[in-house]
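Trainee: I'd like to take a close look at one part of this protein with you. Could you walk me through that part and then through what surrounds it?

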Amino acid sequence: KHDRTWSWMDYVILMTLVGIGFGLAEDIPYAIGTSAVQMLVRGATAMHGGFGFIMGYFMGKAKKTANKLWSVVGFVVPWIIHGLYDFGLTDEFVALNENLIVVPLALAVLALVVIIVLVVFVLRKKNDPHYREPFATVQGV
């Protein structure tokens, strides 16, 4: 067991990977009881990776600025988007009005944009001392 220092970028990358792993695990039960189109949308958007990015970014910001409100933002924003996305893919939601299918599609596009932002962020900031400077020590990792 060793002490490890964590940076803002470490939080972003770790939470993104955790989000991707959770998304894969969550998609297995969804695949059993849903349509092929819904599974394609879920798989193509990789929503949980984007959610993990958002959470990691704001958790890192909370640690860097010592303002815990950013942790709340990092949890609430993905939670709301995830809820709207999941509800938008239900048969009950589509039964309200077939035109409402644009809601999950718009959120899927948003997820793709977040993933592009993630890649650009990591490529541009990977050597930036502001994001790579260690600020937290994690014991027992």
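In which helix is glycine 50 found?

Mentor: Happy to! Keep in mind throughout that this is a predicted model. Glycine 50 is found in helix α3, which spans residues 47-65. Glycine 50 counts as buried, because its relative accessibility is 5% and the cut-off for buried is under 20%. If we set aside residues up to four places away in sequence, glycine 50 touches Val114 and Ile115.

Val114 leads us to another helix. Val114 is among the buried residues of α6, together with Pro104, Leu107, Ala108, Ala111, Leu118 and Phe121. Helix α6 runs over residues 102-125, which is 24 residues, and reaches 34 Å from its first C-alpha to its last. That span is close to the 34 Å expected at 1.5 Å a residue.

Back in α3, histidine 48 is worth a stop, as it also has its place in that helix. Histidine 48 counts as buried because its relative accessibility is 13%, under the 20% cut-off. Leaving out neighbours within four places in sequence, histidine 48 is in contact with Gly19, Ile20, Phe22, Gly23, Glu26 and His82.

Take α1 to begin with. Helix α1 covers residues 8-32, so to speak a run of 25 residues, and reaches 37 Å from its first C-alpha to its last, close to the 36 Å expected at 1.5 Å a residue. The axes of α1 and α3 come within 7 Å and cross at roughly 150 degrees. Because angles over 145 degrees count as roughly antiparallel, α1 is roughly antiparallel to α3. The crossing of these two helices is right-handed. On the α1 side, the residues that meet α3 are Trp8, Tyr11, Val12, Met15, Thr16, Gly19, Ile20, Phe22, Gly23 and Glu26. On the α3 side they include His48, Gly49, Gly52, Phe53, Gly56 and Gly60, along with Lys61, Lys63 and Lys64. By class, this contact has ten nonpolar, eight polar and four charged residues.

Now turn to α4, which runs over residues 69-88. Helices α3 and α4 pack at an angle of about 165 degrees, with their axes 7 Å apart. That makes α3 roughly antiparallel to α4, since the angle is over 145 degrees. The crossing of α3 and α4 is right-handed. From α3, the contact is made by Met47, His48, Phe51, Ile54, Met55, Phe58, Met59, Lys61, Ala62 and Thr65. From α4, the partners include Trp70, Val73, Phe75, Val77, Pro78, Ile81, His82 and Tyr85. By class, the contact of α3 with α4 has 14 nonpolar, five polar and one charged residues.

Between these two helices there is a loop, and alanine 66 lies in it. Alanine 66 is exposed, because its relative accessible area is 69% and the cut-off for exposed is over 50%. Its backbone deserves a look too: phi of alanine 66 is near 60 degrees, a positive value in a residue other than glycine. Most residues other than glycine have a negative phi.

Further along, isoleucine 80 has its place in helix α4. Isoleucine 80 is partly exposed, with a relative accessible area of 43%. Its C-alpha atom is separated by 22 Å from that of glutamate 98, 18 residues apart along the chain.

Finally, let's step back to the whole protein chain. The chain has seven helices and two strands, and read along the sequence they follow the pattern β-α-α-α-α-α-α-α-β. The C-alpha atoms fill a box of roughly 50 × 30 × 25 Å, taken along the principal axes. Buried residues make up 33% of the 141 residues. Among contacts with a separation of 6 or more, 74% are between residues 24 or more positions apart.

Technical notes:
Residues are numbered from 1 along each chain as its sequence is written. This is a predicted model: local features need pLDDT of at least 70, side-chain atom pairs count only at pLDDT 80 or more; totals for chains, interfaces and linings use all residues. Side-chain values use heavy atoms; hydrogens and water are left out. Axes are lines fitted to C-alpha atoms, for helices over the stretch in contact, and angles run from 0 to 180 degrees between N-to-C directions. Helices (H or I, at least four residues) and strands (E, at least two) are DSSP runs, numbered from the N terminus. Angles under 35 degrees count as roughly parallel, over 145 as roughly antiparallel, 65 to 115 as roughly perpendicular and the rest as oblique. A crossing is left-handed if the near helix is turned anticlockwise from the far one by less than a right angle, and right-handed if clockwise. Contact means heavy atoms within 4.5 Å. Ala, Val, Leu, Ile, Met, Phe, Trp, Tyr, Cys and Pro count as nonpolar, Asp, Glu, Lys and Arg as charged, and the others, Gly among them, as polar. The expected span of a helix is 1.5 Å times one less than its number of residues. Buried means under 20% relative accessible area, exposed over 50%, partly exposed in between (1.4 Å probe, protein chains only).
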